[in-house]
Amino acid sequence: MGGRVSIQTFNLPDLGEGLTEAEVVRWLVAVGDVVVVDQPVVEVETAKSIVEVPSPYAGTVSTLHGEEGQAVDVGKPLISVQANGVQASGSVAPEAATAATAASEQYREEEEAGSGNVLIGYGTPEGEASGRRRTRKTATSPVVVAQRSTPSPPHRVPRVGSPLVRQRAREAGLSVHTITGTGADGLITRSDVEAAIAAGGSPFENEPSTRTGLAVSQREPMSGFRTAVSAAMSRSRSEIPEATVWVDVDFTELFTARKQAAARGAEVPGLLAYLARFTVAALRAHPELNGEVDAERNELIQYDGINLGLAMQTDRGLVAPAILGAHDMTTAALDVELRRLTAAACEGKVTQAELTSGTFTLNNYGGFGVDGSAAIINHPQVAILGFGRIIDRPWVVDGQLVVRKIGQMSFVFDHRVCDGGVAAGFMRQVVDAIESPVQAISHL
């Protein structure tokens with residue numbers, strides 16, 4: 001008698017945001033490939049990002065449910081895997097069956113406990129039941145996708161077929177709240193959006209505002225990403241007693257040192273890589289700024305290591321992914337990682353760990369052509385350092401008025417973790433390194 005072949009099918013997980021399907025962007029495996037537990041198998045498009053979905057099963061891929069560019073419903077089959085160790089008769093070897101069962105049970109336990117392995121970028125909400133005690137809160141940045149959804153409004157959230165449907169409505173200036181869904185249980189489909197567009201005009205055209213008396217030309221509901229950003233920023237402002245200090249910095253010597261190195265044929269790291277390296281060194285000397293506040297236990301936490309967050313503007317919004325283990329990197333290594341992380345952020349492919357594990361944030365708002373900013377701290381971090389644009393300005397050096405490259409550096413810190421003296425000491429170390437880079441680099 002032939003034995004039964006063990007086939008395990010993984011269904012598309014719930015991606016949140018009221019979405020009932022996701023589009024398959026790219027398969028990372030093919031039929032016949034051998035996969036292991038937690039190996040990324042497919043990239044799917046969501047309203048927040050393109051995320052990788054890992055397999056909860058180990059074995060050989062037998063079926064890919066869905067073509068690239070095709071939408072897959074949440075809860076429907078995504079990929080089927082045949083357990084390895086199938087004998088010639090078709091029966092499964094005991095050791096293989098045991099391993100497959102253990103892997104499946106482990107996955108279910110992690111899913112119930114809120115493991116990030118369930119879906120990179122979408123951990124199970126912390127509010128769900130879990131037997132594990134979390135010793136460290138998820139580091140959620142005000143500019144990074146939050147792991148917990150904000151309280152739902154009293155009205156029913158529209159059910160939208162896919163992020164592309166929501167995007168189509170947004171591009172047309174329509175609110176999904178005004179579109180009647182014809183799908184199951186009121187699901188809004190692409191045809192519903194196209195029909196609303198064909199009807200012409202904005203549903204809010206000439207709608208009077210009770211506050212201003214002006215007609216409302218458009219209403220756009222906040223996306224899940226923007227809602228998360230808003231909640232995180234509001235929490236930062238309400239919980240952190242912050243203080244801001246700033247100083248003008250002379251970047252001339254740093255520009256000169258980089259130019260001279262390039263003239264010698266050396267591969268010169270970008271300016272931001274130097275700023276990151278100087279920041280890491282200053283955090284080593286002032287570790288209280290590289291931590292967080294545990295309000296529940298009334299403790300100040302310091303980390304043995306630095307995950308340097310970098311605020312980045314992308315098409316999906318402002319995010320602050322972190323260079324993990326920045327304390328172990330040289331300036332050149334930081335430069336390589338900066339370029340990789342920037343590209344990943346622009347493509348929406350930063351990992352969950354990179355998005356949520358930052359211990360300190362560096363903000364280069366000078367790229368927007370502004371001089372200064374009192375930034376909002378990325379809760380639960382306790383400080384953020386920012387640099388404005390660098391331009392030629394008149395400057396006094398040794399009693400002489402000269403033209404120098406000057407930029408403003410601002411520093412926002414949580415007054416619970418330190419006083420102004422520590423903040424000033426941290427800033428001066430960064431400033432001194434920028435203004436005397438050769439001397440600073442020789443000591444790093």
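User: Which residues of S18 are buried on one side and which on the other?

Analyst: This is a predicted model. In a regular strand, side chains alternate between the two faces of the sheet. S18 has both of its faces covered. The buried residues are Phe360 and Leu362 on one side, and Thr361 and Asn363 on the other.

User: Is Asn363 buried or exposed, given its relative accessibility?

Analyst: Asn363 sits in strand S18, which spans residues 360-363. Buried means under 20% relative accessible area. The relative accessibility of Asn363 is 16%, so Asn363 counts as buried.

User: Which residues does Asn363 touch, leaving out those up to four places away in sequence?

Analyst: One of the residues is Gly386, which is also the bridge partner of Asn363 in S19. With residues up to four places away in sequence left out, Asn363 touches Ala311, Ala375, Ile384, Leu385, Gly386 and Phe387.

User: In which sense does S14 pair with S18?

Analyst: Strand S14 comprises residues 308-310. Leu310 has Leu362 of S18 as its bridge partner. S14 and S18 pair over three bridges, and the sense is parallel.

User: Which strands stand at the edges of the sheet?

Analyst: The sheet is open, with six strands in the order S11-S20-S19-S18-S14-S17 and mixed pairing. An edge strand here has a single partner strand, so one side of it is left without a neighbour in the sheet. The edge strands are S11 (242-250) and S17 (322-323).

User: Which strands does H9 lie across, and at what angle does H9 run to S11?

Analyst: Helix H5 (residues 252-263) lies across S11, S19 and S20, running at about 105° to S20. H9 lies across S11, S18, S19 and S20, and its angle to S11 is about 20°.

User: At what angle do H6 and H9 pack, and how far apart are their axes?

Analyst: Two packed helices are described by the angle between their axes and the distance between the axes. H6 (residues 271-285) passes H9 (residues 420-435) in a right-handed crossing. The angle is about 145° and the axes are 9 Å apart.

User: How many residues of the contact of H6 with H9 are nonpolar, polar and charged?

Analyst: From H6 the contact includes Leu275, Phe278 and Leu283, and from H9 it includes Phe426, Val430 and Ile434. Gln429 of H9 and Thr279 of H6 also take part. The residues divide into 10 nonpolar, two polar and no charged.

User: Which peptide bond is cis, with omega near 10°?

Analyst: Pro380 lies in the loop between S18 and S19. The cis peptide bond, with omega near 10°, runs from His379 to Pro380.

User: Is Asp398 buried or exposed?

Analyst: Asp398 is located in the loop between S19 and S20. Its phi is positive, at about 50°, although Asp398 is not a glycine. Exposed means over 50% relative accessible area. With 76% relative accessibility, Asp398 therefore counts as exposed.

User: What is the phi of Asp38?

Analyst: Asp38 lies in the loop between S3 (34-35) and S4 (40-45). Asp38 counts as partly exposed because its relative accessibility is 27%. For a residue other than glycine, phi of Asp38 has a positive value, near 75°.

Conventions:
Residues are numbered from 1 along each chain as its sequence is written. This is a predicted model: local features need pLDDT of at least 70, side-chain atom pairs count only at pLDDT 80 or more; totals for chains, interfaces and linings use all residues. Side-chain values use heavy atoms; hydrogens and water are left out. Helices (H or I, at least four residues) and strands (E, at least two) are DSSP runs, numbered from the N terminus. Buried means under 20% relative accessible area, exposed over 50%, partly exposed in between (1.4 Å probe, protein chains only). Contact means heavy atoms within 4.5 Å. Axes are lines fitted to C-alpha atoms, for helices over the stretch in contact, and angles run from 0 to 180 degrees between N-to-C directions. A crossing is left-handed if the near helix is turned anticlockwise from the far one by less than a right angle, and right-handed if clockwise. Ala, Val, Leu, Ile, Met, Phe, Trp, Tyr, Cys and Pro count as nonpolar, Asp, Glu, Lys and Arg as charged, and the others, Gly among them, as polar. Two strands pair if DSSP finds at least two bridges between them.
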